[in-house]
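Reader: I am new to this structure. Please show me how to read it, one feature at a time.

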Amino acid sequence: MTQTVLLLEDDVQLSDTVKRFLELKGYTVWCAYDGLQAQDIMYEKHIDLMLLDVKVPHLNGFEFLKNTRVQGNATPAIFITSLNSVENVTEGFDSGCDDYIRKPFALKELLVRVESLLKRSYGSYEERIELGNELWFDTKSMLLMRGSQRVPLKTKEVKLLALFLQYPNELMEYEKIFEALWEYEEAPSSGSLRAYIKTLRASIGKEKIETVKNIGYRFVAE
């Protein structure tokens with residue numbers, strides 16, 4: 001299946017350049033030139049990854065991503081922006097991004113970041129994973145569902161669940177989990193990880209996540 005990218009960029013020339021480059025690499029690219037248009041695309045299309053400028057009309061990139069995360073959508077996101085201060089980068093990650101690229105950037109570097117993030121985030125599992133008791137995980141929208149109702153999870157909790165589902169019955173060491181959930185300026189937190197594990201156990205069943213003392217965790221698949 002062709003992977004799809006939402007590109008939020010109000011510089012038409014740059015947008016066209018990135019779109020053509022990614023399409024040559026086999027991606028489908030949906031372009032938005034303001035935050036509201038990006039919201040419409042996210043609602044109407046299946047998107048595998050978001051590339052987001054920040055200084056765009058109507059709804060800036062930070063606010064757009066915050067809104068997306070509040071709705072429970074954990075689609076991987078990369079900011080591509082001229083905002084380059086530490087404060088800007090921090091705000092970007094606080095908004096829920098997975099990576100942050102400062103303009104100007106090389107297209108080859110962008111491709112490396114995109115491919116790395118998609119590989120880490122999605123792996124090769126089915127679009128719908130049954131977890132029992134009417135519970136299932138939608139790998140397209142990255143939502144945990146019970147029947148037709150969404151089970152509310154924070155962004156990192158969704159990422160952690162997706163990581164477990166990529167590697168069923170395999171030992172996930174703390175270092176690998178930290179690498180998947182925390183990025184760059186973020187400091188990994190053992191306390192936060194324990195809280196995420198507690199929430200997932202309450203949501204999918206305590207027996208589903210096994211603690212391997214002093215090493216990590218294992219998702220127990222049936």
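## Reading the model

Author: F164 is buried, and F219 is buried too. Buried means under 20% relative accessible area, exposed means over 50%, and partly exposed lies in between (1.4 Å probe, protein chains only).

Reader: What should I know about the model itself?

Author: This is a predicted model: local features need pLDDT of at least 70, side-chain atom pairs count only at pLDDT 80 or more, and totals for chains, interfaces and linings use all residues. Residues are numbered from 1 along each chain as its sequence is written, and side-chain values use heavy atoms, with hydrogens and water left out.

Reader: How many aromatic pairs does the structure hold?

Author: Start with the general idea. A pair of aromatic rings is described by the distance of the centres and the angle of the planes. Rings of Phe, Tyr and Trp (its six-membered ring) pair if their centres lie within 6.5 Å; planes under 30 degrees apart are stacked, over 60 edge-to-face, and the rest tilted. This structure holds 4 aromatic pairs. F164 and F219 make a stacked one, with 6.5 Å centre to centre and 20° between the planes. That pair links distant parts of the chain: F164 sits in helix α6 (residues 155-166) and F219 in strand β12 (residues 216-219), 55 residues apart. Helices (H or I, at least four residues) and strands (E, at least two) are DSSP runs, numbered from the N terminus.

Reader: Which residues do ring pairs link into a cluster?

Author: F62, F79 and Y100 are linked that way.

Reader: Where does the charged end of R128 sit?

Author: A charge sits over a ring if NZ of Lys or CZ of Arg is within 6 Å of the ring centre and within 35 degrees of the ring normal. Here the charged end of R128 sits over the ring of W136, 3.8 Å from its centre.

Reader: In what order do the 4 strands of the open sheet come?

Author: Two strands pair if DSSP finds at least two bridges between them. The order is β6-β7-β8-β9, with antiparallel pairing. β6 (128-132) and β9 (149-150) are the edge strands, each pairing on one side only. Between strand β8 (residues 143-146) and β9 there are 2 bridges. M145 stands opposite R150 in β9.

Reader: What does helix α8 touch on the sheet?

Author: Contact means heavy atoms within 4.5 Å. Axes are lines fitted to C-alpha atoms, for helices over the stretch in contact, and angles run from 0 to 180 degrees between N-to-C directions. Helix α8 (residues 190-204) packs on the sheet and touches β6, β7 and β8, and its direction makes about 30° with that of β8. α6 also has its place here: it lies across β6, β7 (135-138) and β8, at about 95° to β7.

Reader: How do the axes of α7 and α8 cross?

Author: First, the cut-offs. Angles under 35 degrees are roughly parallel, over 145 roughly antiparallel, 65 to 115 roughly perpendicular, and the rest oblique. The axes of helix α7 (residues 174-181) and α8 come within 12 Å and cross at roughly 90°. Therefore α7 and α8 are roughly perpendicular to each other. Y174, I177, F178 and L181 of α7 make the contact with S190, L193 and Y196 of α8.

Reader: At what angle do helix α3 and helix α4 pack?

Author: Helix α3 (residues 61-70) and helix α4 (residues 86-95) pack at about 25°, with axes 8 Å apart. So α3 is roughly parallel to α4. F62, L65, K66 and R69 in α3 meet N88, E91, G92 and S95 in α4.

Reader: Is S95 buried or exposed?

Author: S95 counts as buried because its relative accessibility is 2%. Leaving out residues up to four places away in sequence, S95 touches F62, L65, K66, R69 and F79.

Reader: What about the backbone? Which peptide bond is cis?

Author: Most residues other than glycine have a negative phi, and most peptide bonds are trans. The bond from K103 to P104 is cis, with omega near -5°. P104 lies in the loop between β5 (99-102) and α5 (107-122).

Reader: What is the phi of N133, and of E134?

Author: N133 has a positive phi of about 55°, although it is not a glycine. Phi of E134 is near 65°, also positive in a residue other than glycine. N133 lies in the loop between β6 and β7, and E134 lies in the loop between β6 and β7. N133 is exposed, with a relative accessible area of 71%. E134 is exposed, at 62%.
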